[in-house]
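Me: I have a structure to go through with you. Could we begin at the ligand and work outwards?

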Amino acid sequence: MKKIYITTPIFYVNDLPHIGHAYTSIICDTIYKFYQLNGFDVLFTTGTDEHGLKVEKAANSKKVNVKDFVDSVSKNFKNLTFKLQLSNTDFVRTTEERHKNAALFFWDKLETNNQIYLSKYKGWYSIKDESFYQEKELEKINNEFYTADGEKVEWIEEESYFFKLSNWENKLLDYYKNNPNFIMPDSRRNEVISFVSSGLKDLSISRTSFKWGITVKNTKNHIMYVWIDALVNYLTSLGYPSISDEKKEFWKNCIHIIGKDILKFHAVYWPAMLMAANLPIPKTIFAHGWWTNEGKKISKSLGNTIDPNKIIEEYGLDQFKYFLLREVNLGNDGDYSKISFLNRINADLSNNLGNLIQRTLKFLNKNFNSTIPYSIIDSDTKIQPLKDGYDLLNKVDEMMKIFQISFSLKLIFDYITSLNKFMDREEPWNSFKNNPKKTGKDLAILIEGFRLIGIILQPFIPNASSKILDTININKNLRSFKYLNKDHKIQKGHFINEPKPIFPRYETKDC
Ligand code: MSP
């Protein structure tokens, strides 16, 4: 069985989960479910990034013990995995022993390979990003320096261990050149290439001015740089340092899904450190864009963060997922607004998909006693709606391979539109009076279309898909992608359950 390993970034526990965390998780979950239904063996890890100055400060400002603080905030992120019904196979907390061992072993490996030296760091640091900056990357306003995101940086001078990042500049550039799909989308790849080409400095990888973190072995006060600590979580989940041969196969096919803001850490520092530790490099790093709220940047200080729990409680999980996945092409930024959200779910889910299924099944229920009246024969499979339905997986698969999730959904919903047109053209409610045989055949074609839609939509809107498949009475063992073909088509005499509305319609006049 082919193996794939999907990862979300691990989330800082200085804050409550918001739409950004939900977005990364939903993308990974969709990819996970798609591959799993397509016959792959998939691992999917997420978790919480619990060390560092930022978290220590957040706990101090609340006057709580840091460990108690991280325990309680990490729970919020674990709860989000339940709320989003994620299929994650692991949840790594960086305060776990298995992770500390992995991070320390990784450090040892770098040290043994002569990649680390002791010196003094003098320079700028952003606590929010937990990142070092060169002056040329900053903007000076009234004698103070700010990052491009408007975060004030602080000057630090302290003894520090350094990773010989500058040694890896050419090797990284070669790697990017020889592996064009390592960083996606292309615009981000170009960004990284230009960043590395402009010169890399050695990286400070320990801090001595705070305590909350993993203490470097044989030192009293050096705390491992939180980004090294955090990145190693992807290996921790595979059992590092003792990764089995099977898990090594997963690592080769690892896909890191991240936000665009943390690209440098994943696409520059991480592969350099992996090479330095003699470890293989993951297959792909895909950087997605950021969401704004009603056109405005989301920030705690503006008080406009979007709580995924609230939207899910008000409108449903599938609606929330569908909007995020369909509204923007993966990689682009997107704007969440109530009106675009409601318009999107009303038009696609309620009108296009929900109505079609509801009116077809009700008609079958009323006029054919909920029983399929016709068996599709081989020559029927050339009829357009069926032919298109059986071709759908290949097309969607091509798109999913390049992470075009929105376009995959577009292909599926275009197909649903074509079924609506088929229904309107063939008018079963009219043909029924004079030619019930034709009506029966048209209905069988439509319901076979619903079977295909129900199966292929499972990675994207799993709850609605299972409602559709339950209603048209498809055996739970016959719902993976290998059944998306004519060999498993619905037969005459197949009984349909009582149709229930799948998606409500929402009023938009108050928006
Ligand atoms: N702890 C680091 C990641 C370490 S991974 C080894 C971190 N954590 S974070 O909690 O700040 O961010 C987690 C993810 O949320 C990032 O991928 C980030 O891009 C994403 N988002 C945060 N706000 C976002 C939006 N407004 N929109 C979309 N995603 C955003 O970084």
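Me: Which backbones have polar atoms by the ligand?

Reply: A nitrogen atom of the ligand lies 2.8 Å from a backbone N or O atom of I10. For G259, a polar backbone atom is 2.9 Å from an oxygen atom of the ligand.

Me: And which residues come nearest?

Reply: I10, D49, G259, D261 and W291 do, out of 23 residues around the ligand.

Me: Before we leave the ligand, what are the ground rules for the model?

Reply: It is a predicted model, in which local features need pLDDT of at least 70 and side-chain atom pairs count only at pLDDT 80 or more, while totals for chains, interfaces and linings use all residues. Residues are numbered from 1 along each chain as its sequence is written, and side-chain values use heavy atoms, with hydrogens and water left out.

Me: Changing topic: how many helices and strands are there?

Reply: The chain has 18 helices and 18 strands. These are DSSP runs numbered from the N terminus: helices are H or I with at least four residues, strands are E with at least two.

Me: Why is the chain called as compact as a globular protein of its length?

Reply: Its radius of gyration is 26 Å, close to the 24 Å that the globule rule gives for 511 residues, so the chain is as compact as a globular protein of that length. The radius is taken over C-alpha atoms, and the rule is 2.2 Å times the number of residues to the power 0.38. Along its principal axes, the C-alpha trace spans about 90 × 50 × 40 Å.

Me: What share of the residues is buried?

Reply: Of the 511 residues, 57% are buried. Buried means under 20% relative accessible area, exposed over 50%, and partly exposed in between (1.4 Å probe, protein chains only).

Me: Why is helix α12 described as largely enclosed?

Reply: In α12 (residues 317-327), 10 of the 11 residues are buried, so the rest of the structure largely encloses this helix. Among the buried residues are D318, K321 and R326.

Me: Where does T7 sit, and what does T7 touch?

Reply: T7 belongs to strand β1 (residues 3-7) and is buried, at 0% relative accessible area. Its side chain forms a polar contact of 2.7 Å with that of H256. Leaving aside residues up to four places away in sequence, T7 touches C28, T45, Y234, C254, I255, H256 and I257, where contact means heavy atoms within 4.5 Å.

Me: Which peptide bonds are cis?

Reply: One joins M184 and P185, with omega about -10 degrees; P185 is in the loop between β10 (183-184) and α6 (186-197). Another runs from Y240 to P241, with omega near 10 degrees, and P241 lies in the loop between α8 and α9 (245-252).

Me: Which residues other than glycine have positive phi?

Reply: N143 is one of them, with phi near 70 degrees, in the loop between β7 (139-141) and β8 (144-146). N143 is exposed, at 64% relative accessibility. E427 has phi near 45 degrees and lies in the loop between α15 (405-426) and α16 (428-434). With a relative accessible area of 33%, E427 is partly exposed.

Definitions and conventions:
A residue is near a molecule or strand if one of its heavy atoms lies within 4 Å of it. A polar contact is a pair of N or O atoms within 3.5 Å; within protein, one must be able to donate a hydrogen and the other to accept it, and residues adjacent in sequence count only if both atoms are side-chain atoms.
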